[in-house]
Amino acid sequence: MQNVTTSQTFFGNLLGYGRVDVQTAAVRNPIRFDYVPDPNTVKTAIFAQRDTRAGHVRAEGKLIIQHLLAGRLGVDLQLPARVRIDAPERSAPTKPSWWQNFVDALLGRLHLQRTLQDRIIWRKHWVVLFVQIVGPLFILLAILTLLLSQLTPIPGLEQYRQLLQTLDIVLVICGLADLIWLAWLVEDWRNDTYEVTKTEIVDVEKTPLFLSEVRRSARLNDIQNVTVEIPTPFHYWLNYGNVQMETAGKEGILTFSKVPGPREVAAEINRRIDAFRRNEELNAARKRAQELPDWFEMYNRLDPDKQEWVRAAVNNPLKPSSP
């Protein structure tokens with residue numbers, strides 16, 4: 001988040017509402033809150049939340065520095081009285097109930113998402129597969145109907161038995177070709193996946209038999225905005241849509257198209273982005289902490305006169321002095 005601006009029209013000033021625009025590092029339009037009561041209070045609350053998060057990051061970094069110094073220097077440092085060490089642990093996410101699993105199985109959602117260790121894999125909604133295979137299924141049903149209809153003898157067609165046998169062979173060949181086409185479409189749907197790990201998101205488009213594969217990826221730290229799009233009431237009823245991720249890299253915009261549960265997908269991506277950035281900040285704090293004992297060691301090697309100069313330079317950084 002880069003900046004927050006507010007604007008009010010004449011009626012907004014009269015009735016106490018306005019618009020709040022949250023500008024991010026992305027190049028697209030800002031996140032906009034329309035018709036917000038008392039927009040200036042909302043702006044203040046947003047900045048307060050940002051400052052609170054920055055304070056948490058600094059506190060965690062200082063705590064890491066303290067632990068590393070205590071272990072390396074062999075001293076026991078006391079925590080300030082205002083630091084809480086008995087904060088409640090985060091509760092683990094609840095598992096879906098048997099009723100939710102039953103509904104997901106009924107709507108064909110169970111096979112649209114897989115979890116492999118730290119990787120979550122989504123596929124496109126089953127509606128996408130159904131639209132692709134409805135033609136081959138109709139052709140297969142027609143072939144089966146023609147083949148089964150010949151099991152019942154029809155008077156007057158005995159003289160065309162040779163022709164009907166040839167037709168049966170043609171229908172069987174067409175049926176096998178249709179089955180191959182159907183299997184190809186199903187496998188092609190299964191091979192197109194959207195993945196998120198602890199460090200990146202991946203969009204994979206792969207054809208069967210390893211004929212071609214296109215893989216686009218972006219680091220979680222490069223994602224600026226995550227947008228959910230549910231185009232029509234039909235999409236809303238079946239709970240699928242698009243999740244767009246605007247990145248700061250050369251990939252631009254990555255889109256998870258027609259994924260089931262787009263709001264849940266976006267929430268999972270945002271959760272992993274927060275975890276990734278938090279881990280990066282803590283790693284930076286650990287790196288800084290590992291350098292401090294070396295500075296202390298070099299300081300202890302100085303003679304008393306130079307130590308006095310160092311203390312004076314730290315206490316009065318603007319005052320010129322020389323060792």
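Modeller: A residue is called buried when its relative accessible area is under 20% and exposed when that area is over 50%; partly exposed covers what lies in between, with a 1.4 Å probe and protein chains only. The model is predicted: local features need a pLDDT of at least 70 and side-chain atom pairs count only at pLDDT 80 or more, whereas totals for chains, interfaces and linings use all residues. Residues are numbered from 1 along each chain as its sequence is written, and side-chain values use heavy atoms, with hydrogens and water left out.

Helices (H or I, at least four residues) and strands (E, at least two) are DSSP runs numbered from the N terminus. Strand E7 spans residues 200-206 and strand E8 residues 213-219; seven bridges join the two in the antiparallel sense. Strands are said to pair if DSSP finds at least two bridges between them. One of these bridges sets Val-204 against Arg-215 in E8.

Thr-207 lies in the loop between E7 and E8. Its relative accessible area is 24%, so Thr-207 is partly exposed. Contact here means heavy atoms within 4.5 Å. When neighbours within four places in sequence are set aside, Thr-207 is in contact with Asp-188, Asn-191 and Ser-212. Between Thr-207 and Trp-189 there are 8.7 Å from C-alpha to C-alpha, for a separation of 18 residues in sequence.

What does Asn-191 touch beyond its neighbours within four places in sequence? The contacts of Asn-191 are Val-204, Lys-206, Thr-207 and Pro-208. Asn-191 itself belongs to helix H5, and this residue counts as buried because its relative accessibility is 13%.

Helix H5 also holds a charged pair. Glu-187 and Arg-190 lie three residues apart in this helix, about one turn. They form a salt bridge whose closest N and O atoms are 3.4 Å apart; the term requires a side-chain nitrogen of Lys or Arg within 4 Å of a carboxyl oxygen of Asp or Glu. Side chains of opposite charge can pair when their charged atoms come close. Both partners are partly exposed, Glu-187 because its relative accessible area is 31% and Arg-190 because its value is 36%.

Phe-138, Ile-139, Trp-181, Trp-184, Leu-209 and Leu-211 make a nonpolar surface patch of about 680 Å². Patches are built from residues with over 30% relative accessible area and no salt bridge; like charges are joined within 9 Å, and nonpolar side chains (Val, Leu, Ile, Met, Phe, Trp, Tyr) within 5 Å. Accessible areas come from the Shrake-Rupley method with a 1.4 Å probe, and for residues only the protein chains shown count as cover. Trp-184, found in helix H5, is partly exposed because its relative accessibility is 33%.

Elsewhere, Arg-119 and Glu-195 form a salt bridge of 2.4 Å, N to O. This pair links distant parts of the chain, with Arg-119 in strand E5 (residues 119-123) and Glu-195 in strand E6, 76 residues apart. Arg-119 counts as partly exposed because its relative accessibility is 27%, whereas Glu-195, at 9%, counts as buried. A network of salt bridges links Arg-19, Asp-21 and Arg-32, and the count of salt bridges comes to eight.

For the setting as a whole, the protein chain has eight helices and 11 strands, and 25% of its 323 residues are buried. Its mean pLDDT is 77, with 65% of residues at 70 or more; pLDDT is the predictor's confidence in each residue, from 0 to 100. Confidence is lowest in helix H8 (residues 304-315), with a mean of 57, and highest in strand E6 (residues 193-196), at 91.
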